Amino acid sequence: MRVEGWQAAGLSFGGRIELVQSVISAIALFWLQSIMVPLATIRKIEGICAKFIWHGGIHAISWEQLCRPRKEGGVGLRSLVSVREAAGIKLAWRFLQDGSPWSAWMASRYLRGRNFWVCEIDNNFSVPFKHILRNRTVLRTAIRRKMREGGEMDLWLDPWISGQSLLEILGPQTDGVAYRGLTCRHIISGGVWRPEEYRFTAQLGEEIRQVQITPTVLSDVWVWAPPGHSEGAGEFRFRSCYDLVRPHFDDIEEYDFVWGKGLARKMQLSAYKLVLGRLLTRDRLLRFGVPVPDPKCVLCETENESIGHLFFQCHVTWSIWAEQSRRHLGGVGRERDFREILKWIGDCRGHEQSWARRARLRLAASVWHVWRERNRRIYEGLSTPPVSILHNIESDVLVMSP
Ligand SMILES: [Zn+2]
């Protein structure tokens, strides 16, 4: 098995991620948003992209993980599977737009007077229309009906009360005969709701009164209003649609360390792999079944190499970090672990925010230089004395510091 080498020929890891990002954006924009592409095809494309990113070697970080936003532990690639799902929602949204000849044709062909929200999927329906119907559940969490006095919503079946229909609120056991065939117009008069006539419970009556009516005789319209997004003023936005369907994860604690302002891209990515514990150190390579001639750390040549050892139990790397910490951070934390050092930086009160930022930059730069030195020793047979590494870190920090 190949190992993603040090600066493997051509583009760096970061460069390959950027390239894949642009390819994915192009696919998302010009292809997926207009045609329903089979899921298997999408997965195949994603597989090719992942293979390219890892240069045909070990996939140290899963594709799904890379596709998370940076705040949630990814590198912000877009998942084509989620783009495809969002495109399905977009299609369903387009169908709902009253007045489009396409949706009128689809409705007359397949719905034939049945209600869109409760119509069951029929085998005779076309693939796109089945797709539209399958997306109803997610779609309704993202849209809101702007009620006008015209009030054409089906009183019983349409989801007009905070995204729910009367049928759903009262339950299917309720006899809806009294409401069948009625539209909201029947309980609006003079621009206000009049639910009294239909003997709803006081609570339901109150919920109905909460539904805003825009006083104009124009028809009702659907507005795009996904939770947590206010941009677009009711107009469809693919970005918020994507956000609606993609998987969500907790924020990572080390976000500032990895993606903080000023840090060079190559350093961001080594910090990123470090935070996830995915740098391919020799202990991990052995676990992946890669033959490693010697499991020892190439810096100290005494202990076995692992992420914990390199950052910073190894006396060589620790001497590099401790010297900087003494010089610039007013002391040395006791814990020889990058996470503890990060915590120590965060806990150092009485300093300005820019101090913590610089300290994190310094730590990330040290990580990158140590990793580079390790790779140069292994793959190129070159070695730099710690004092020169320290010097190189200093000049990089100087360039990146605010
Ligand atoms: Zn060592």
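A residue is buried if 20 or more other C-beta atoms lie within 10 Å of its own, exposed if 12 or fewer, and partly exposed in between, with C-beta atoms placed from the backbone. Helices are DSSP runs of H or I with at least four residues, numbered from the N terminus. The model is predicted: local features need pLDDT of at least 70, side-chain atom pairs count only at pLDDT 80 or more, and totals for chains, interfaces and linings use all residues. Residue numbers start from 1 along each chain as its sequence is written.

View 1. The buried residues of α18 are Ile389, Ile393, Asp396 and Val397.

**View 2. Helix α18 spans residues 386–400.** Its 15 residues reach 21 Å from the first C-alpha to the last. That is close to the 21 Å expected at 1.5 Å a residue. The expected span is 1.5 Å times one less than the number of residues. The buried residues of α18 pack against α15 (315–328) and α17 (353–380). Two residues are in contact if their C-beta atoms, placed from the backbone, lie within 7 Å.

**View 3. Helices α15 and α17 cross at roughly 155°.** Their axes come within 11 Å. Axes are lines fitted to C-alpha atoms, for helices over the stretch in contact, and angles run from 0 to 180 degrees between N-to-C directions. The crossing angle makes α15 roughly antiparallel to α17, a term for angles over 145 degrees. On the α15 side, Thr317, Ile320, Trp321, Gln324 and His328 make the contact. On the α17 side, the partners are Arg362, Ser366 and Val370.

**View 4. A cis peptide bond joins Phe311 and Phe312.** Omega is about 5°. Phe312 lies in helix α14 (residues 307–313).

**View 5. His55 has a positive phi.** The value is near 55°, in a residue other than glycine. His55 sits in the loop between α2 (39–53) and α3 (63–66). Is His55 buried or partly exposed? His55 is partly exposed, with 17 other C-beta atoms within 10 Å.

**View 6. Arg112 has a positive phi.** Here phi is near 45°, again in a residue other than glycine. Arg112 lies in the loop between α5 (101–111) and α6 (127–134). Arg112 counts as exposed because it has 8 C-beta neighbours inside 10 Å.

Definitions and conventions. Helices (H or I, at least four residues) and strands (E, at least two) are DSSP runs, numbered from the N terminus. Angles under 35 degrees count as roughly parallel, over 145 as roughly antiparallel, 65 to 115 as roughly perpendicular and the rest as oblique.
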